[in-house]
Amino acid sequence: MADLIRTTPFTGIAIRSSNVKKKNKWTTTPAVVRLGSFPSINLMVDYHDQRSRRFPCLKVSNRSLSSPSSNNTTSEAVVEEEGSDTTNLLDKVEVFDLSGNGVIISDLWNDRKTLVAFARHFGCVLCRKRADYLASVKDKLDAAGVTLVLIGPGSVDQAKVFYEQTKFKGEVYADPSYSSYKAFGFVSGISTTFTPKAGLKIIQLYMEGYRQDWGLSFEKDIRTKGGWQQGGVIVAGPGKSNITYTHKDKEAGDDPDIEDILKACCS
């Protein structure tokens, strides 16, 4: 029997369980999953084939589940017209396509209507879900003449890895300087990353088969600042200053309601 501890520094999840091998088949006793600095939130997790990093048989029960109340972790979309200050800042923001070509970010929607998703970072499991979440309505976006774009803070090489792994159906751009995130005022910090809701969502995503890319997640630029960055979703264009919908994530995994997005871009 072996006692296992797994920790995930960018999600605040720690998993502790016991491992035993019986007749060449590995099984595991229920594990207690603690979410970051919220020890009151426990999930009993049963899974098999402990040698596999994929946890293919992950099952979660809520035998012990409680969450402190909080007023700042709701997932409500923020809809607003961006002011001239933001527009002026965006005229100076350069992002890079997968070929390394620089593009002023507002040119992404100057001549077309565009739905832009901002990822936390290219290794983030929550952002891989967001990419699929938005790509699931790609046919409706296409019918409405709306272009789907994803921007991530990081290098072009990281963006390429993300694109290859996710097979994202839209355009992907890298923002190495994080300038677009600063221009929109997207939040960043440990307190917006290690939240009960984010932790629970990550567990659910692992059950669905999504995985964090730890190689990307521990690259220096992400480890030092990108790991705490939150993103958002906007609908903009045509016209550089025509930003009609803005959702700013309040915490990791704070996806806006897909119907709100479709109403903003396709109605």
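Predicted model: local features only at pLDDT ≥ 70, side-chain atom pairs only at ≥ 80, totals over all residues.
Reader: How many helices and strands does the chain have, and how much of it counts as buried?

Author: The chain has ten helices and 13 strands. Of its 267 residues, 47% count as buried. The accessible surface comes to about 12,500 Å², and carbon and sulfur atoms hold 51% of that.

Reader: Which share of the contacts joins residues at least 24 apart?

Author: That share is 66%, taken among contacts between residues at least 6 apart in sequence.

Reader: Why is Gly152 called buried?

Author: Buried means under 20% relative accessible area. Gly152 has 0%, so the word applies to Gly152. Gly152 lies in strand 10. Beyond four places in sequence, Gly152 touches Ala119, Phe122, Tyr173, Ala174, Asp175 and Tyr181. The C-alpha atom of Gly152 is also 6.6 Å from that of Arg120, although 32 residues separate the two along the chain.

Reader: What makes Gly102 partly exposed?

Author: The relative accessible area of Gly102 is 40%. Exposed requires over 50% and buried under 20%. The value for Gly102 falls in between, and therefore Gly102 is partly exposed. Gly102 belongs to strand 8, residues 102-104. With neighbours within four places left aside, the contacts of Gly102 are Glu94, Val95 and Phe96.

Reader: Asp249 sits in a loop. How do you know whether Asp249 is buried or exposed?

Author: The relative accessibility of Asp249 is 3%. The limit for buried is under 20%, so Asp249 counts as buried. The loop in question runs between strand 13 and helix 10. Asp249 touches Arg130, Val187, Gln230, Gly231, Gly232 and Asp254, again without residues up to four places away.

Reader: What makes the pair Asp249 and His247 a polar contact?

Author: The side chains of Asp249 and His247 are joined at 2.9 Å. A polar contact needs N or O atoms within 3.5 Å, one able to donate a hydrogen and the other to accept it. The distance is within that limit, so the pair is called a polar contact.

Reader: Which residues of helix 10 are buried, and why are they said to be on the same side?

Author: The buried residues of helix 10 (258-266) are Ile258, Ile261, Leu262 and Cys265. They cover an arc of only 95° around the axis, which puts them on the same side of helix 10. An α-helix has 3.6 residues a turn, so residues three or four places apart point the same way. The cover over these buried residues includes strand 9, helix 3, helix 4, strand 10, strand 12 and strand 13.

Reader: What caps the N-terminal end of helix 10?

Author: Asp257 does, through a side-chain oxygen 2.7 Å from the backbone nitrogen of Glu259.

Reader: What makes strand 9 "mostly covered"?

Author: Five of the six residues of strand 9 are buried. Strand 9 pairs with strand 10 in the parallel sense over six bridges, with Val116 opposite Val149. Strand 9 and strand 12 run antiparallel and are joined by five bridges; there, Thr114 has Ala236 as its bridge partner.

Reader: Why do strand 9 and strand 12 count as paired?

Author: Pairing takes at least two bridges. Five bridges join strand 9 to strand 12, so the two strands pair.

Reader: Which residues touch the most other members of the largest nonpolar core?

Author: They are Leu115, Phe122, Leu141, Leu150 and Ile261, in a core of 35 residues. The largest share of this core, five residues, comes from helix 3. Apart from this core lies another, of 18 residues, among them Leu90, Ile105, Ala236 and Ile243.

Reader: What does Leu115 touch?

Author: Beyond four places in sequence, the contacts of Leu115 include Leu134, Leu141, Val146, Val233 and Ile261.

Reader: How do you know that helix 3 is mostly covered?

Author: Eight of the eleven residues of helix 3 are buried. They are Val125, Leu126, Cys127, Arg128, Arg130, Ala131, Leu134 and Ala135.

Technical notes. Residues numbered from 1 in each chain as written. Heavy atoms only, no water. Helix = DSSP H or I, 4+ residues; strand = E, 2+ residues; numbered from the N terminus. Buried < 20%, exposed > 50% of the residue type's maximum accessible area, 1.4 Å probe, protein only. Contact = heavy atoms within 4.5 Å. Areas by Shrake-Rupley, 256 points an atom, 1.4 Å probe, with all protein chains shown as cover. Arc of directions from axis to C-beta. Core = buried A, V, L, I, M, F, W, Y, C linked by side-chain atoms within 4.5 Å.
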